[in-house]
Amino acid sequence: MATNFRNDPTPPMWHRPGTKMTEEHYHELEHLSPDRKYEYIDGIAYMMSGGSVAHDRIAYNARLALDSHLQSRACTVFGADVQVYLARKKNGKPHFVYPDVTVSCDVADSRSDNTLIESPRVVVEVLSPGTETKDRGAKFKAYQNQETIQEIVLVSQFAQYVEVWQRNEQDPNNPKAWLYRHYGPGDTVDLVSIDVHIEVAAWYRGLVFDDEEGS
């Protein structure tokens, strides 16, 4: 997910990038800056920024492939413009995030007037240099603590490499009990929780990497 810390004249003066803020102030920030998107993780607001061609293409490919496989099922695929609510932690703080791709199989999330996904089952993040630490750190932990999320997918934008963490059904209440798989060129990515199988090449369709230019 492409995000960026930077000063901006529009947000109110109490907002300082990288500093804690209350949930109330976060929603006020959203209201005062309707042309910008902010994620709210562990009490910190992260402003979203534009991504690379690879980032955009991979997210599009993932959404298209998932949507194609799920057309006949009661699951819906959402893009990065739809906000996802992650349940409150023990300290009472919720998280509000914008995954690159989200799959929900809860009919309530698919209402035409809905603006907040509350039951994500699969989340996909396309890793960016400026956000990989957060995507693998605070945001990843927030995903693990969301009981409805069954699989977390991290996709490299610099090589054909897809990582999948699947919640261990044998120990569903243990946030550390996740099964890990990774896939490379020629492999098929298995998303067990929604019974979808997508070739790695499909995630990277339309992209040419440096080592392929001369081939």
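1. Setting aside neighbours within four places in sequence, His69 is in contact with Val196, His197 and Ile198, contact meaning heavy atoms within 4.5 Å. His69 belongs to helix α2 and, with 34% relative accessibility, counts as partly exposed. On this scale, buried is under 20% relative accessible area, exposed is over 50%, and partly exposed lies in between (1.4 Å probe, protein chains only).

2. A word on the basis of these values. The model is predicted, so local features need pLDDT of at least 70 and side-chain atom pairs count only at pLDDT 80 or more, while totals for chains, interfaces and linings use all residues. Residues are numbered from 1 along each chain as its sequence is written, and side-chain values use heavy atoms, with hydrogens and water left out.

3. Now to Asp195, whose C-alpha atom is 9.0 Å from that of His69, although 126 residues separate the two along the chain. Asp195 sits in the loop between β13 and β14 and is partly exposed at 47% relative accessibility. Its phi is positive, near 55°, in a residue other than glycine. Asp42 also deserves a look: this non-glycine residue has a positive phi of about 55°. Asp42 lies in the loop between β2 (38-41) and β3 (44-48) and is partly exposed, with a relative accessible area of 24%.

4. Buried residues of α2 are Ala54, His55, Ile58, Ala59, Asn61, Ala62, Ala65, Leu66 and Leu70. They cover an arc of only 160° around the axis, which puts them on the same side of α2; the arc is taken from the directions from the helix axis to the C-beta atoms. Turned away from this buried side is a face that carries the exposed residues Val53 and Asp56.

5. What about the interior? The largest nonpolar core has 29 residues, and Leu66, Val153, Trp203 and Tyr204 have the most contacts inside it. Such a core is a set of buried Ala, Val, Leu, Ile, Met, Phe, Trp, Tyr and Cys residues joined through side-chain atoms within 4.5 Å. Elements giving two or more residues to this core include α2 (53-70), β10 (151-155) and α5 (200-203). Its largest share, seven residues, comes from α2. A second, separate core of 18 residues includes Ile41, Ile44, Val97 and Ile117.

6. Finally, the chain as a whole. The protein chain has five helices and 14 strands; these are DSSP runs, numbered from the N terminus, with helices (H or I) of at least four residues and strands (E) of at least two. Of its 215 residues, 47% count as buried. Among contacts between residues at least 6 apart in sequence, 58% join residues at least 24 apart.
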